[in-house]
Amino acid sequence: FRVPALLRLSVLWMLQVWWLMVFRSGVDAPVALPADLEDLAAGDIAAEGDAEEEANELAWEPRSLSVVLPCAGEGKFALSTVRAVFETTPGDALQEIIVVDDGSQPPLSEKHLGKHAQAKYHVRVIRHDSAAGVSKAKQDGGDAATGDIVVFLDCHVAPQAGWHASFLRLMAKNYRRVVVPVTADLDVTHWRQRDGNYRQEKGYLTWDADFKPLVSDGFEVPVISGGLLAISRRWWTEIGGYGGRTVGFGGEILDQSLRTWLCGGEIVVAEDARIAHMRREDSDPRTKANYDMPQGIVMANRLRIATAWFGEFAEKLKEFPMLGSDRKASGGGLAHGDVESILDVKRRLNCRPFAWFLHRFRSVYEAGGLLPSETFHLKSSISGRCLAYAGQVGSSPDGKGIAELRPCDAKDERQRWHGANRDVEQAEQLCCSGLRVWNTDQCLRGADGNAAGRGHARTAACDISGRDPSQAWSLDGEGHLRKRGASGFLSSSCLEADEKGSLKVLLCPRRGAAPSAWTREWASEPMETRLYRQALENGVAG
């Protein structure tokens with residue numbers, strides 16, 4: 001129980017008034033406080049003491065770093081990365097560089113990281129004879145580390161001077177704190193930073209257990225983007241590392257993020273820990289991945305992690321058929337495999353429920369529109385048809401899509417829309433400034449129709465920050481799908497349908513001059529919002 005700051009100030013003011021009265025009355029004997037003030041002051045002192053005691057328990061003095069590099073077919077990039085780490089990290093801070101050679105042919109220790117390079121750069125090589133995947137590589141590297149802090153980097157990076165300092169500083173405040181750097185593009189020819197445009201490595205988790213980039217203010221990270229992070233060896237051991245039995249590739253970062261937040265830790269960005277990172281580009285064959293990432297394994301990993309951490313919200317996963325939540329393995333068990341190792345960590349560390357995570361990041365999930373109060377159909381008054389997304393549930397493969405008019409069907413979930421994206425024109429920037437297709441990552445962004453042909457509405461991956469003006473569409477009070485203009489003013493552009501089912505962006509009619517073009521039909525509260533609301537009512541998420 002923590003007393004609100006305003007109430008604490010009020011108590012202090014009343015105490016001052018009380019003692020002033022005592023002083024002026026000339027009373028020498030101690031005067032008893034009113035019982036309610038005495039209890040409140042005592043409770044506040046106790047709460048402050050508890051917080052200070054907890055902070056003292058979490059604080060520590062890390063001194064050394066073990067840098068773990070999972071390398072699969074990286075060749076000379078492995079040596080370039082090792083050299084860059086060694087040259088930018090002071091000797092008194094660098095405990096070791098651990099290279100986990102995940103099935104490279106020829107082995108890295110035989111060609112690029114021989115005995116001379118290992119001795120010169122303080123390298124230890126752990127060898128997998130065949131590729132086991134990034135999760136296994138990181139797990140083995142993290143378990144072998146001896147430094148106070150374990151830093152996981154990719155095998156194609158160039159840390160910039162001073163990168164280590166903020167890791168040590170930020171983690172000293174809390175041994176349960178995971179720290180991620182900011183990144184810039186790497187010039188692989190000269191192995192140096194290409195430009196000064198740094199990116200925060202932030203993301204958020206969607207209902208199909210996928211990762212989406214997040215643009216937000218502040219330094220807290222809901223879900224880590226990529227594999228670059230630092231974690232104390234103590235916290236790594238307590239939470240079981242990547243002990244979710246993730247197979248091959250994909251999902252380990254989602255697991256690490258949920259494991260950290262729900263079990264008592266936190267994830268923050270170190271703005272001055274700067275690392276140049278190679279981007280994979282089709283135009284440059286040197287950047288091509290030299291390993292396979294089977295999509296079925298990635299899906300199974302995501303499903304296993306979500307099943308274990310979502311709790312009662314795991315029922316939502318059944319709405320995404322590609323995850324195969326009900327699919328059976330050949331042995332009779334569920335295809336996503338055993339989740340007992342994660343459940344064991346949850347029990348051992350008394351981890352919080354998933355609803356706590358949603359509420360902790362309500363600026364994402366509530367304000368961003370991922371917990372909509374209702375979903376609904378948008379019916380054209382002119383054609384009698386409903387606006388339907390032409391893609392599938394989940395994430396669009398290319399980040400975009402189309403919507404068209406179809407005969408209305410109350411059971412067709414691709415016809416369900418809801419408010420989405422933060423409204424940056426509001427003081428509190430709550431939801432909503434756009435329209436999202438339910439159970440997808442797509443938001444309405446206009447139409448490509450013209451007078452000569454059958455037009456479609458266009459969609460794109462939602463920008464939940466609300467900063468993309470092309471997604472600022474909403475149903476106004478007169479039943480028109482209207483685009484918001486600059487500085488929050490309503491524009492004169494409206495999405496209209498004709499009798500033939502063509503969609504076009506046209507000049508909006510004057511206020512009150514035309515009947516409603518669209519109506520909301522079959523509104524209902526979705527499962528995820530109902531579960532979240534019940535958790536709030538029961539005090540579980542607070």
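Asparagine 350 is exposed, with a relative accessible area of 68%; the classes used here are buried for under 20% relative accessible area, exposed for over 50% and partly exposed in between, with a 1.4 Å probe and protein chains only. The model is predicted, so local features need pLDDT of at least 70 and side-chain atom pairs count only at pLDDT 80 or more, while totals for chains, interfaces and linings use all residues. Residues are numbered from 1 along each chain as its sequence is written, and side-chain values use heavy atoms, with hydrogens and water left out.

Asparagine 350 lies in the loop between H10 and H11; helices (H or I, at least four residues) and strands (E, at least two) are DSSP runs numbered from the N terminus. The phi angle of asparagine 350 is near 50°, a positive value in a residue other than glycine, and this residue comes just after H10. Within H10, the buried residues are Ser341, Ile342 and Val345. Viewed down the axis of H10, these buried residues fall within an arc of 100°, so they line one face of the helix; the arc is that of the directions from the helix axis to the C-beta atoms.

Six disulfides are found in a search of the whole structure, a disulfide being a pair of cysteine sulfur atoms within 2.5 Å. With the bonded cysteines of the chain numbered in sequence order, the pairing reads 1-2, 3-4, 5-6, 7-8, 9-10, 11-12. The torsion about the S-S bond of cysteine 263 and cysteine 351 is about 100°, so the disulfide is right-handed. Cysteine 263 is buried at 7% relative accessible area, and cysteine 351 is buried at 14%.

Cysteine 443 and cysteine 462 form another of the disulfides, with sulfur atoms 2.0 Å apart.

The torsion about the S-S bond of cysteine 431 and cysteine 432 is 100°, and the link is right-handed. The peptide bond from cysteine 431 to cysteine 432 is cis, with omega near 20°. Cysteine 431 is partly exposed at 23% relative accessibility, as is cysteine 432 at 34%. In the loop between E17 and E18, glutamine 429 has a positive phi near 55° and is partly exposed, at 28%.

Cys431 and Cys432 are among the residues nearest the centre of the second largest pocket, together with Glu366, Ser373 and Gly419; 27 residues line this pocket. On a 1 Å grid over the protein atoms alone, a pocket is an open set of points where a 1.4 Å probe fits, with protein on both sides within 12 Å along at least five of seven lines, and lining residues have an atom within 4 Å of a point. The second largest pocket holds about 470 Å³ of space; grid points are joined across faces, edges and corners, and the volume is the space filled by probe spheres set on the points. Two or more lining residues come from each of helix H12 (362-365), strand E17 (417-422), strand E18 (431-437), E21 and helix H13 (527-537). E18 gives the largest share of the lining, five residues.

Isoleucine 464, in the loop between E20 and E21, is buried at 5% relative accessible area. The C-alpha atoms of isoleucine 464 and alanine 420 are separated by 6.9 Å, although the two residues are 44 residues apart along the chain.
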